[in-house]
Each structure stands twice: as structure tokens, then as C-alpha cells.
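This report goes through one protein chain, part by part. Please look at the sequence and the structure first, then read on.

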Amino acid sequence: MKYANIIINISHEAVDRPFTYIIPEAMEQNICPGTKVMVPFGAGNKETMGYVMDILDYPRVPIARLKEISSVVLTQDASEGKLIELAAFIKEQYGSTMISALKTVLPIKKTYRTKKEAIAGRESVNDKSGSVAEEGADKNSGGVAAKLDSAVTNNIEESMAGSCAMGQSVSKEKVSADIPNSVGTSRIILNEQQQSIIEDFTKDYDSGVRKTYLIHGVTGSGKTEVYIEMIKRVVAMGRQAIVLIPEIGLTYQTELRFKRYFGDRVSVMNSTLAPGERYNHCERAKRGEIDVIIGPRSALFTPFLNIGLIVIDEEHENTYKNENMPRYHAKEVAEKLAQIHGASLVLGSATPSVESYFNAKAGVYKLYNLSKRAIGEQLAHTHIVDLRKELKDGNRSIFSRKLFELMEDRLQKGEQIMLFLNRRGYAGFVSCRACGEVIKCPHCDVSLAEHKSMGKMVCHYCGYEIPIPKNCPSCGSKYISSFKAGTEQIEAEVQKLFPGVKTLRMDADTTKRKGSFEKILSAFGKNEANVLIGTQMIVKGHDFPNVTLVGIIAADLSLGSGDFRASERTFQLLTQAAGRAGRANKSGEVVIQTYQPEQYGIVYAAKQDYEAFYEEEMVFRDISGYPPSREIMAVLVTDKNSDTAFLLSERLAMVAMKTSESANVIGPAKAGIGKINDTYRYVFYCKSSKKKVLIEIKDNMESYLENNKTGANVIFDFNPMSPY
């Protein structure tokens, strides 16, 4: 007799554990991990749907207490078992309920009445008629399966929407009209470095070696061409590939490039698709009609049967971290998914995350280097302008004299300019414009955040606070304040200084409408504007041949984010921004304006010297005990009652300290935003050299919460991408 551990399809913590059932002999051949079944559940033996987690030879409870599985829900979805295994990994690693993890990974279960619409040869699904059937349940039953299916649909919509940074969207009609469906005859001509990588990867793959590879390539070095050649080899073996991109705004150009080589065997999975369209893509993937899927982090959960390669482009981007429960990181989940399928994982970036480069140095990943631009053009020449000197010399304009001079020159030549305002992670820090001093926490070595309503500067890690200073504590200057410039102000200044110049602005306000992101980029690409002004969304992966000048208005802003990754993110953003200039035959220049010209993240970004930056950053990480030197877990406690939230956070911190004497517990303290929608927020951090210690701490805290019900909400976040 065989037994099955089954997770019941009810989203409630009380039943978020496997229940053991007897497998009837007649069903043994049809049941394996991942199988969907109906079982009698609870005192009333209500027929309830569940998923088989694993098969047992011996039960852990008396056989007399066990019930039998009622029936197998017929499905030909062989991919589901692997996705359920992935869900179990997510639950264990990120402190999620199993049901929440299942909702994250499982594809949409609704079927739709479909109406085929010919849009440039592509089939589209018109789902306005709604759902007509539920898999595994009667459509009118309103049962657990129907509720889970609805939740899965909603979760996928939310997950994909989370990857849609700043409300960016791409017009499906535009994509469909512009991208051919037949496989083109385009051939990639590789340079020596690219060819060497392909040959080594192919040798590994043909030998059955499956690894994680990190491609460190300067901007414009041709990483995408390498991805395509790798995928060609994997697809030729009858396997599928997933290509993750950090933002939905990059979907159009990425799909266009891949369509040239894979035709209609390429598809896209993102939040612009209606539920019926997403369902259609999932079904095509199961039937083997798609070889390559492109999309943000949720594209990882495409139900492919035989994944051979996963590519994560711009792997350093924090958009790969899911900010809703479960708080998984796509890179870690991709590693597990690759392991489940026996696939390879390729990470690529001009500015790899410190954690990934650390793994490459340690031999955990295999490192490939692309040190030259693909078609031989030189990297842009970079100028660092000291804004402290500009102030002393009487220049109080947004633009330094050097940037103004170069803008004037480029406009006269009919060339284009990009002006980048580095507001990523901006958290209201205070700095001195005379000497460049930033007010920092003496205990955590991160910038203090300004809370004007309280009149205080606060550390969002340990809770250290001081009154907002009126004068610089370093030089005594009165020029100390938070930065106030925005993209609208910059645009107004450009139009004032250069009357008649056509400008485009790309930020959260101008990209709210569907298709606006692509519309702005398309207009700039057609030379319909002289100057493009924007935040970080303008510096990622875009290629404009006529751009010969990039001005970085406030390089310091991301340095004041109050986050231990501040220098890393500054280096990454500045390097990416500098990479937008001089990408064709025209030489490019970059102006970095800063009050901290000696800061190593800025110095090495100007040189595009990643290796030197990494070495200096690792000294800071080692001394301060931040990843990758140590693992870190944030624990956020929220409740409508402030005392309840604070007391629970204190008790959980005590559980953490008792679990491991080697772990370092910081806090608890009030979160950066201490109250949202009348809900109070407290946070503390746990550090350890081993992640398994943090997982053990998390498990013990979950046990404490199960035995001590308070009604408060607790979120676990491993290696958080930003402070709370």
C-alpha cells in the first residue's frame, strides 16, 4: 500500500501543511508528485481538491486514521509536477504559505472562449466572454478549486504587474505589427570573444554539464547575440528557453531581436496580456509550440515541459525581487528551476551584482568576460564635475558649466542628448552642498533619512536618530539640505536655456498611459526631439545612434538611499547611463555632476572599471557584515495596534537570538514608513554567515507565531533589496 502527502487547496494557515492519504491500488499508476486529486477533507468529509507533494511507503500517523484519495483530476499537464516542486522550494526558502507559493507558480487554470483575430499573422485571444469552464470542478460549483483558480489568475496579474516598473507598458498591436512571425534568415557574426564563449558553453552542454554562467560584458559588448547563439543550440536539441528581462519596457526591442532568429516560436509573457491571452500562451507552451519565452520575473513560471536554458539579462536589477508575498528572488528561483529540469542558467550584466561576482570569483558560477564593444566603438569619454566648486564659483544652475558647454555644442551639430536624474532609491537624505558631507548612521554606515514632520534624521536599519542639523557638522556651512530637483524642473531649465529645443520627458508621470513608454522612445529614436530627460528607465538597454552626450544631473542621490547597496547601485546606474553615449560611429561624452567626486562608486563608474569597484566594495561589505559576506533577513511586523506590533517584533527578535548565538540581531525599530493605512510597521534584521541559520530562525519564528496567535502580520524577506 502506498500513501501520499497532499497539500489541501484552502488558503489558510491552519491547513498549510501536508495531510496523508491512502492511495487506492487502482490509482497507483496515475499518482505521482504534482498530481491533482480530490480527497474527503474535514469532519464532514467534504470533497476538496489538493496536490500530491510526495509518495510515502510508510505513513507517519496510524493507518486507521487515514482516508483514501477519492479520485484523480485528469490532466495531461506534465509540467505541473515540476512547478509544484518549485513551489515547495519557495515556501521553504522565503517563509510563505504553501498555497501562496502554489498560486505564484501555477499557470492560469481557466479556459476561455477564444476568438481568433488576425493581427499581422498573430493569433490573439478575445476573452471578453469570460470563463466557461473550470478544470477539475463544475463551473457553477463555486468550490475550492474555483476559488484557487481565481486567486491564481489574480496573483499572476499582480505578480506581472509588479514587474511593470513605473507603470510602463508596451502596445501589443504595435509589437504584433512590427515583428515578423516567420523565422528570418538573419545570421549573427560573432567576434573572437563572443565565439570563444559559445564554443565553451557548447562543449559543456554537449557533455551534459549544467552550470550557472555569468557573462560580464561592458555596455554594447553584444551579450544578447551570445544569448541567442546559446539558445539556438539548446532549441536544436528539442528543449525550451526562458529569457528574463528586468522591465516590461524592454519587451518590444527584445522580442524584435529574438523574432529575427526564432520567428513565431518566440512568445512574450507579461502584464499587457489579457488573462485569456496568458492562458493561450501557457497552452501553447505545454503543446510544444513555443521554444522561447520572454518576459519579466513571472515568465519563469511558464509551463514548459523540458527547459534547457534560462537567461537572466541585466541580472543585477532589483526588479527581479518580488516585493509581494512570497518575496522570492528570480535569480535564486531560476537556479532551482534549472536544477529541476537539468538546465543551464546564464546571467548577464555590464555591472553584475556584487553577490553574483562573488560567486563567480569563488567558482560557484563560471565567469565569461566581454571586455570590448561588439563593433569596435570606443567607450564614451567621461567628465566628473565637482558641484562644490561650481557653487563656490557662483554657478547655482542645475547644469554645470561643462555640461552647458557640451549641450550647446551637440545641439549645434544636430546630435542628441540624454539627461539622467539619478533618483533611484531616493529617501530624503541630507547633504552639504559646500563640502559634500552626507549625514550617516555611526552604527550601520548608511545615510540617515530625513523625517521633517518629526524634525529628525533616522536610520532605517537600527533606529538611530538625531535632530535635523541646521549647519553641516563637518564644515559648518549653512548649505545643508535634502535635494529637491525633479525631471519637470530640469525640462523647464533646458527650454529656458535653449529656446526652441524639442524635449521629451520620461518618468512616472509621463508613462502612466498604456503605450506611452514605447511612444516616447520611438519618437526619440526618430530624432523627433533633441533632448530626452528621465529617471533610471531611460538608461537601461536602449540604443540611440545619434546620442553623443549623456548628462547625469545628480549622481549623489542614490548614494543617500539609506541602503548598504547604495554605492553598488550608484555605480551600476552611472555605468549604464554612460553606456548610452557614442554607441554608433560618433564618439560620445558623459558628464557626471556630483558633490562627492571622490566617492569610489562614482570614480570607478566614470572609468567603467568594475573590477576595481568590486574590490573596494567588498572591503566595505566584509567590515560591515553585509551580503555576500553575510546573509541578512528582514522581519517586518505590522498591526493596527502599535503596541501589539512592537511587542511582537521584540519577542520574535528574542526567538532569533535564542535560536542561534552566532546570528546578529539588529533592532527592532520603527520602519522607514512607520505607518501605512493606519497600520503600524516595525522591523528588525538578522545576520548570519549561513543562510540555513536564517532559515532555521525563520522556521522557529513561524512555530512561535503558530502557538501564539496575535493577529499581527509578519513578513520575512531574505537579503532585501532595500531597507524598510
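## Terms and source

Two strands pair if DSSP finds at least two bridges between them. Helices (H or I, at least four residues) and strands (E, at least two) are DSSP runs, numbered from the N terminus.

The model is predicted: local features need pLDDT of at least 70, side-chain atom pairs count only at pLDDT 80 or more, and totals for chains, interfaces and linings use all residues. Residues are numbered from 1 along each chain as its sequence is written, and side-chain values use heavy atoms, with hydrogens and water left out.

## The chain as a whole

The secondary structure of the chain comes to 19 helices and 32 strands. Of its 724 residues, 59% are buried. Buried means under 20% relative accessible area, exposed means over 50%, and partly exposed lies in between (1.4 Å probe, protein chains only).

A contact means heavy atoms within 4.5 Å. Among the contacts in the chain with a separation of 6 or more, 74% are between residues 24 or more positions apart.

## The six-stranded sheet

Six strands form an open sheet with parallel pairing, in the order S18-S28-S27-S19-S26-S25. Its edge strands are S18 (381-386) and S25 (503-506), each of which pairs on one side only. Neighbouring strands of this sheet are turned by 15° against each other on average, direction ignored. Angles run from 0 to 180 degrees between N-to-C directions, and axes are lines fitted to C-alpha atoms, for helices over the stretch in contact.

S18 and strand S28 (residues 589-594) run parallel and are joined by six bridges. Which residue of S28 stands opposite threonine 382? Threonine 382 has valine 590 across from it. Helix H15 packs on the sheet and touches strand S19 (416-420), strand S27 (547-552) and S28. The direction of H15 makes about 155° with that of S27.

## Helices H15 and H16

Two packed helices are described by the angle between their axes and the distance between the axes. Helix H15 (residues 566-578) and helix H16 (residues 600-607) pack at an angle of about 25°, and their axes are 8 Å apart. That angle makes H15 roughly parallel to H16. Angles under 35 degrees count as roughly parallel, over 145 as roughly antiparallel, 65 to 115 as roughly perpendicular and the rest as oblique. H15 passes H16 in a right-handed crossing. A crossing is right-handed if the near helix is turned clockwise from the far one by less than a right angle, and left-handed if anticlockwise.

On the H15 side, the contact is made by Ser567, Thr570, Phe571, Leu574 and Thr575. On the H16 side, Tyr600, Gly601, Ile602, Tyr604 and Ala605 take part. These residues divide into six nonpolar, four polar and no charged. Ala, Val, Leu, Ile, Met, Phe, Trp, Tyr, Cys and Pro count as nonpolar, Asp, Glu, Lys and Arg as charged, and the others, Gly among them, as polar. H16 is mostly covered, with six of its eight residues buried. What covers these buried residues includes S18, H15, S28 and helix H17 (610-624).

Strand S12 (residues 240-244) runs parallel to S14, and four bridges join the two. Isoleucine 242 stands opposite isoleucine 293 in S14. Strand S13 (residues 266-268) also pairs with S14 in the parallel sense, over three bridges. Valine 268 has isoleucine 294 of S14 as its bridge partner.

## The four-stranded sheet

Another open sheet has four strands in the order S30-S31-S29-S32, with antiparallel pairing. Strand S30 (664-676) and strand S32 (713-718) are at the edges and have a single partner strand each, so one side of each is left without a neighbour in the sheet. The twist from one strand to the next averages 20°.

Nine bridges pair strand S29 (residues 631-639) with strand S31 (residues 679-688) in the antiparallel sense. Valine 635 has phenylalanine 684 in S31 as its bridge partner. Helix H18 (residues 642-659) packs on the sheet and touches S29, S30, S31 and S32. Helix H19 (residues 691-707) packs on the sheet too, touching S29, S31 and S32. The direction of H18 makes about 10° with that of S31, and the direction of H19 makes about 175° with that of S32.
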